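Subject: Structure handover

Hello,

Here is the structure for you to look over. My notes on it follow below.

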Amino acid sequence: MRPFLLAGIAAALTVSAMTAVHAKDYEGVELKMLAIGDTSVTRLAPIVGEFEELTGAKVQIDMFPYPGLIDKIVIEASANRPSYQLMWVDSPWVGVLGESGALEDLTDWVKRDAEEIHLDDIIPIQLQENTWQGRLLAFPASGMIWHQNYRKDLYEHPDEQAAFQEKYGYELAPAQTWDQYIDIAEFFTRAAGETLAGETLDKDFYGNAQAYSRVAGAITHDFFPIMRSFGGQYWDPETGLCAMDGQAALAAADVMKRLVAFNPPDYLGLMWDIRTGYMERGEVAQSSYWSVRTVRLTNPDEAVLPTIGEAGYAPSPTGDGEPQPTMTGALSFGINSKASDREKEAAWEFIKWGTSRDMMRRFAEEGSGVSQFHKSILADPALQEDYPYYQVLLETQENAQRRIFHPFYADVEEVFGVELNKFMAGETETAEEALTNGCTKINTRLKVFPEELRLRWINDAPAAIFQ
Amino acid sequence: MIFLLPAMLVLFLTTIYPMLYAGYLSFRSYDLAKPFVPRVFVGWSNYQQVLTSGDFLNALSITFQLMVITLSIQLVVGVGLALLVTQRLPGMGIARTLLLIPMMISPVIVGLVWLFLYFPELGYLNYFLSFVGLDPIPWITSPNWALWAIAIADIWQWTPFIMMGTAAALTSLSPEPYEAARIDGNTRWQVFRHVTLPQLKPVLVSLVFLRAIDAFKIYDIIFVLTKGGPGDSTEVLSLYIYRQSFTFWQMGVGAAASFVSLIIIVVLITLFFKSLNRDQTA
Amino acid sequence: MSAITLRSVVKRYGSVEVVHGIDLDVEEGEFVVLLGPSGCGKTTTLRMVAGLEDVSDGELSIAGRRVNEVAPKDRGVAMVFQNYALYPHMSVRQNMEFALRPLGLDAAEVDRRIQEAAGILGLGELLARKPAQLSGGQRQRVAMGRAMVRTPDVFLFDEPLSNLDAKLRTQVRLEIGKLHNRLGTTVLYVTHDQVEAMTLADKIVVMQNGHIEQVGTPEQVYAHPNNMFVASFIGSPSMNMIPARHEGGRLRAEGLDLAVPSRFEGKLPEGQDVVIGIRPTGLQRAEPGAADAVVARVEVTEFLGNEALLDIRVGDHELIAEIPAAGRPAPGDEVSLTFDPSVIHLFDPQTGATLSR
């Protein structure tokens with residue numbers, strides 16, 4: 001009786017949902033989205049016509065590069081009359097946008113439509129990533145972790161294995177500690193003319209590629225996950241002030257500095273995409289980065305590596321080889337709080353459509369696109385076959401920590417971007433000096449605010465959608 | 001009088017009002033991105049923050065380094081090209097036109113053009129260097145090279161400006177003193193040094209002056225090529241101001257930095273002209 | 001040995017020939033004036049001598065040495081330009097110093113030469129001034145001083161007086177004359193002004209269309225012009241020219257019937273067409289009953305002081321007569337004039353050449 005009733009309700013809900021979708025309720029509504037020109041959007045942008053067919057709402061997506069995008073969003077948020085109803089949000093921006101009241105609170109809608117959006121199937125931390133003071137302000141469209149990619153074919157090559165064993169006294173395998181990671185980077189750094197996996201190199205081969213550019217704080221996007229892997233935190237929980245000059249941060253800066261020698265010579269200019277390009281072309285032995293682009297390593301249309309070798313995937317190394325909660329990130333869609341009610345409703349429909357499990361599965365099957373965040377997709381054996389890194393994503397997020405979400409994130413990104421870049425370039429003598437400079441600059445801005453407020457800004461209240 | 005009104009209105013709206021507003025902002029705490037940060041009068045503290053900031057002083061120093069490098073090379077090469085294109089040689093008309101092209105291009109596009117040339121690993125410049133057996137140069141990714149890479153792009157774009165002004169001045173010079181000098185037997189260099197150059201001086205001073213003001217404000221090329229990096233090796237004043245205003249969103253600090261820069265350049269220009277006038281009267 | 005020699009010197013610009021194989025000898029210490037209307041090739045010839053223009057053909061020698069291929073500075077010449085060609089940013093002294101610079105003299109010698117030139121030209125007060133602070137005449141003196149200090153073998157002047165007003169022109173002309181007398185240096189001087197030529201030259205070279213029409217002393221070119229061009233170019237007002245015909249020992253033209261002057265007797269075939277040339281001073285009021293008197297009608301009179309110019313009409317011909325101003329006729333009067341047979345020139349109307357020889 002009861003199951004029957006439930007099934008009936010479910011059927012009724014489905015029908016009503018379908019009616020809602022087919023009724024073209026939003027005829028005449030025009031939505032504009034301020035977005036990034038990266039995979040979390042580029043897959044969706046060409047098919048927004050399908051959404052219009054379903055709902056009648058027209059959606060136009062304007063895409064911009066990541067550097068400078070937050071500037072446009074901030075200016076958009078400070079305007080009285082919005083020109084964009086939908087905004088692409090990197091989860092660290094939730095603090096500044098949330099504290100400014102720029103984003104619509106999605107909590108009630110998510111609760112209402114929990115079933116429709118398969119809320120239970122979404123990895124919880126990806127939702128937590130988008131909360132500010134417990135309220136959900138954006139919905140994940142791509143869910144990331146920071147992990148290592150490596151040349152599986154080289155690691156498994158018998159000559160290389162033997163030589164590595166010979167030189168370092170232990171077995172060549174994906175690094176569990178940063179010392180191992182550096183060993184491997186050193187081991188595989190070869191000049192043109194030397195041999196790699198039995199073949200003579202016609203150009204230089206590098207042990208590693210990390211982002212060291214200061215542009216848009218690119219270097220910090222690698223630095224903070226490494227700091228995390230040493231157990232580091234951004235903020236002092238007692239004072240709400242900068243803690244990014246602690247032991248873990250120093251260790252992370254040291255790791256990056258030691259890796260310089262094994263990076264391509266233009267390391268100081270390596271942005272995320274240039275850095276991943278080295279891995280995708282199979283020109284480096286390992287490279288650790290955010291999982292948004294990992295899928296490319298499996299797709300011969302988007303990368304050279306699958307045609308000349310094979311990529312392997314592993315969690316980030318840690319300081320002592322013991323597991324540390326990894327760092328996550330979410331690339332999400334939010335709604336401008338200044339949009340009209342009708343626009344907001346239409347925008348929520350769009351978010352549900354564009355981030356739905358069906359859509360995500362569609363992207364997964366197309367072999368390109370987003371970093372997945374539904375457990376059922378990541379755990380799907382057929383998909384895991386095609387995308388071995390899904391297992392890494394699934395496992396590491398069991399116990400993970402959200403990224404920075406402080407309202408002064410832009411300052412952190414810029415200040416540490418420049419300070420770390422100067423240290424890597426040799427303009428600053430020591431990591432300590434660089435990080436102390438960074439923290440001093442951040443604290444100068446934060447100290448004018450009462451401690452109570454500072455502590456509120458670092459407070460990660462559990463998402464209300466789960467209550 | 002009535003006819004002046006529209007012009008004055010436009011001037012007020014586009015120049016005077018923004019200046020006044022920037023002046024007002026420079027005494028306030030104003031975070032555009034964070035409405036929750038109090039927007040209050042803070043006295044001279046924005047100015048104090050700018051003047052005591054190592055970043056600002058570094059930016060000032062970088063700006064002047066870049067100015068000295070680009071201006072001196074633009075001057076020498078520009079005058080040299082002007083001497084060349086004003087010769088009655090075949091092809092000089094076309095050469096003159098072609099050489100003007102860089103100047104007509106928007107600096108952002110110039111930046112992009114050079115980005116393609118300098119681009120790490122994929123840039124054409126290193127590709128060409130490899131043909132002559134040279135190692136790749138980390139143009140925009142090394143603090144030792146980046147300022148030069150920017151200087152080269154700026155020199156490429158603005159040397160034609162010096163060339164054009166100088167060529168115009170050269171063609172207006174009377175030819176007879178040169179014939180007199182030829183008969184007297186002074187060498188080409190002596191004639192250039194003692195006859196041409198002194199006569200060009202007023203024009204060159206104006207050209208350098210205009211370029212110096214532009215160089216002080218250089219922004220677009222750097223924004224495209226390095227955004228101030230690597231480290232802070234190409235962080236010029238405009239970028240510093242931009243970062244204060246639009247990365248840290250401290251509009252007040254940005255406004256204060258703008259005014260400090262304005263005062264510096266006004267003082268320098270005044271000193272420059274004072275010293276020139278001393279030269280003239282001496 | 002001549003100071004300057006031109007042998008069949010030709011100047012071409014591309015396919016256009018502007019100087020057609022001229023021959024000229026300038027003697028040591030001589031003041032030679034190249035005279036002619038603009039475009040006659042005189043300046044081009046001077047510039048070839050200076051080395052500012054290449055010689056297209058023929059041979060140019062200075063002091064007995066072929067200099068076609070020699071750089072201007074090695075020809076031992078100094079030039080004074082029409083526009084002075086002073087270095088505008090340099091003082092008078094610096095202008096001279098710069099001219100001396102290539103000679104590599106010691107400072108004392110430089111100073112001595114400048115003082116000397118300044119003394120001769122009266123530039124002593126002006127040495128510290130810049131060209132903009134000088135009058136036109138002063139500038140031209142500086143230009144001469146700058147040429148002088150180099151103690152050249154040859155001075156070249158390119159229309160040096162044409163930018164000066166009439167009064168200064170006379171004054172500077174005299175100074176140039178005095179300077180030449182004092183220094184005795186060879187001078188090649190270009191002008192279109194026959195007064196300058198007549199007053200300054202030892203030898204005048206009259207040029208037209210890239211040819212030399214006549215070379216001679218001022219007296220020779222004035223009194224014995226080789227052809228109608230020289231005859232009409234030299235002298236002011238110009239020589240009167242009247243087409244006529246030789247018939248039975250008489251020269252006949254409309255309203256005119258003159259006896260052939262005795263020096264032409266037997267030289268003219270009967271019926272030959274000629275052009276009679278006579279300077280305005282050769283026409284004088286006829287004594288009553290004078291032979292061959294011509295009746296003319298006065299159209300305009302111009303009073304010059306001692307003399308008066310009469311614009312008169314004889315038959316179809318408009319002539320000018322220069323007579324004593326006292327008792328001059330009024331416009332509209334008819335006067336009786338005689339042609340002084342001793343100054344009558346006869347030219348071949350076809351070639352323009354004189355029939356006097």
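Of the 2 pairs of chains that touch, chains A and B have the most contacts between them, contact meaning heavy atoms within 4.5 Å. Chain A and chain C do not touch, and their nearest C-alpha atoms are 49 Å apart.

On conventions: this is a predicted model, in which local features need pLDDT of at least 70 and side-chain atom pairs count only at pLDDT 80 or more, while totals for chains, interfaces and linings use all residues. Residues are numbered from 1 along each chain as its sequence is written, chains are lettered from A and ligands numbered from 1 in the order in which they are written, and side-chain values use heavy atoms, with hydrogens and water left out.

Chain B

Chain B has 12 helices and 0 strands; helices (H or I, at least four residues) and strands (E, at least two) are DSSP runs, numbered from the N terminus. The C-alpha trace of chain B spans about 75 × 60 × 40 Å along its principal axes. The mean pLDDT of chain B is 88, with 98% of its residues at 70 or more; pLDDT is the predictor's confidence in each residue, from 0 to 100. Within chain B, helix α3 (residues 54–85) has the highest confidence, at a mean of 94, and helix α12 (residues 251–281) the lowest, at 83. Where pLDDT is low, the predicted coordinates should not be read in detail.

Interface of chains A and B

The contact involves 32 residues of chain A and 31 residues of chain B. Together the two chains bury about 2,600 Å², 60% of it on carbon and sulfur atoms; buried area is the accessible area (1.4 Å probe) that two parts lose on being put together, summed over both. There are 6 salt bridges across the interface of chain A and chain B, a salt bridge being a side-chain nitrogen of Lys or Arg within 4 Å of a carboxyl oxygen of Asp or Glu. A:Glu414 and B:Arg243 form a salt bridge, with their closest N and O atoms 2.7 Å apart. Between chain A and chain B, 14 residue pairs are in polar contact, both residues at pLDDT 80 or more. A polar contact is a pair of N or O atoms within 3.5 Å; within protein, one must be able to donate a hydrogen and the other to accept it, and residues adjacent in sequence count only if both atoms are side-chain atoms.

On the side of chain A that touches chain B, the elements that give two or more residues are α4 (69–78), α5 (94–99), α13 (272–280), α20 (409–425) and α21 (431–446) of chain A. The largest share, 8 residues, comes from α20(A). By class, this side of chain A has 17 nonpolar, 4 polar and 11 charged residues; Ala, Val, Leu, Ile, Met, Phe, Trp, Tyr, Cys and Pro count as nonpolar, Asp, Glu, Lys and Arg as charged, and the others, Gly among them, as polar.

Domains of chain C

Chain C is assigned domain 1 (2–233) and domain 2 (240–347), with bounds from an automatic or database domain assignment. The C-alpha centres of domain 1 and domain 2 of chain C lie 39 Å apart. Their contact takes 8 residues from domain 1 of chain C and 5 residues from domain 2 of chain C. The area buried between these domains is about 590 Å², with 67% from carbon and sulfur atoms.

Regards
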